Amino acid sequence: MKQDWHWNEVQDVRSFRLVTAPSTRTRIRRVPSRADYSRETIDAILDEALIAHLGFAIDDQPYVIPTLHARVGDIVYVHGSAASRAIRSLTDGLTACLTVTLLDGLVLARSAFHHSMNYRSVVVLGQARPVEGPDERLAALEAFTERLVPGRWDEVRWPTPQELKGTRVLALDLDEASAKIRTGPPVDDDEDHELDVWAGVIPLAMQAGPLTPDPKLRPGIEPSAPVTRWGR
């Protein structure tokens with residue numbers, strides 16, 4: 001396994017860090033100093049992101065679809081209708097690419113060329129395998145529910161056998177995964193530092209709004225602690 005030394009821009013331009021890609025195709029070549037192949041970083045980004053995009057090709061036509069994901073140990077689960085063409089094709093062994101991105105800020109430089117974004121992203125490559133056993137499939141659906149609101153699974157009705165039958169769950173191993181991260185201020189050319197242009201970062205973050213009850217909610221039912229905790 002090849003190892004490479006790169007500048008660590010995030011911490012200090014005078015320091016180095018050892019970056020090891022799990023495979024050739026997951027090695028980040030564009031600005032490799034932003035690469036992070038540690039499972040700790042990869043897991044943290046996957047666990048924070050609420051939406052993933054799943055890419056694959058059918059008959060030479062690429063598709064990228066947004067989907068809910070959930071990580072359990074060394075596996076990322078995705079799911080969909082058993083009647084879905086995409087899910088059926090992935091079940092047959094197509095190579096897939098799953099990505100997630102967290103946007104942390106807009107980076108405004110003094111020049112148009114050096115504008116950027118602060119972000120954390122993960123790319124996972126591999127073949128998705130169908131989850132056939134009812135126990136693992138139910139555990140995956142629990143993980144999806146808990147991914148949305150921790151503690152929700154224990155307060156809702158669980159899927160019926162018919163609902164489980166109509167849902168296909170796919171598992172993607174984290175053997176080939178990489179993270180890429182940008183943090184910090186803009187990186188302008190030295191001569192541009194004299195320009196009378198404001199430069200810096202506009203931080204961005206996801207924020208929950210006020211809870212909106214279902215119009216069909218029966219009177220007297222208040223949101224549970226997991227729901228209000230997420231809302232705060």
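D43 and R39 are joined by a salt bridge in which the closest N and O atoms are 3.0 Å apart, a salt bridge being a side-chain nitrogen of Lys or Arg within 4 Å of a carboxyl oxygen of Asp or Glu. Because D43 and R39 are 4 residues apart in helix α1, they are separated by about one helical turn. The model is a predicted one, in which local features need pLDDT of at least 70 and side-chain atom pairs count only at pLDDT 80 or more, while totals for chains, interfaces and linings use all residues. Residues are numbered from 1 along each chain as its sequence is written, and side-chain values use heavy atoms, with hydrogens and water left out.

The two partners differ in their accessibility class, where buried means under 20% relative accessible area, exposed means over 50%, and partly exposed lies in between, for a 1.4 Å probe and protein chains only. D43 counts as buried at 13% relative accessibility, whereas R39 counts as partly exposed at 28%. Both residues also belong to a network of salt bridges that links R39, D43, D47, R71 and D74.

The helices (H or I, at least four residues) and strands (E, at least two) are DSSP runs, numbered from the N terminus.

Leaving aside residues up to four places away in sequence, L170 touches V76, Y77, V78, I87, L90, T91, A128, R129, P130 and V131. The C-alpha atoms of L170 and P66, which are 104 residues apart along the chain, are separated by 15 Å.

One of the residues that L170 touches, R129, meets E136 through its side chain in a salt bridge of 3.0 Å, N to O. R129 is partly exposed, with a relative accessible area of 33%, and E136 is partly exposed as well, with a value of 26%. Another salt bridge joins E155 to R152, with the closest N and O atoms 2.8 Å apart; E155 is partly exposed at 32%, and R152 counts as partly exposed at 33%. The structure holds 11 salt bridges.

A further antiparallel pairing brings together strand β4 (residues 52-58) and strand β5 (residues 61-67), again over 7 bridges, and here G55 stands opposite V64 in β5. The two strands form a hairpin with 2 residues between them, and D59 in the turn has a positive phi of about 55°. D60 is also placed in the loop between β4 and β5, and its phi is near 70°, a positive value in a residue other than glycine. At 78% relative accessibility, D60 counts as exposed. A positive phi in a residue other than glycine is likewise found at V31, where the value is near 50°. V31 is located in the loop between β2 (16-19) and β3 (35-36) and is partly exposed, with a relative accessible area of 22%.

On the surface, L103, M117, I202 and L204 form a nonpolar patch with about 310 Å² of accessible area together. Patches are made of residues with over 30% relative accessible area and no salt bridge, like charges being joined within 9 Å and nonpolar side chains (Val, Leu, Ile, Met, Phe, Trp, Tyr) within 5 Å. Accessible areas come from the Shrake-Rupley method with a 1.4 Å probe, and for residues only the protein chains shown count as cover.

Key: Contact means heavy atoms within 4.5 Å. Two strands pair if DSSP finds at least two bridges between them.
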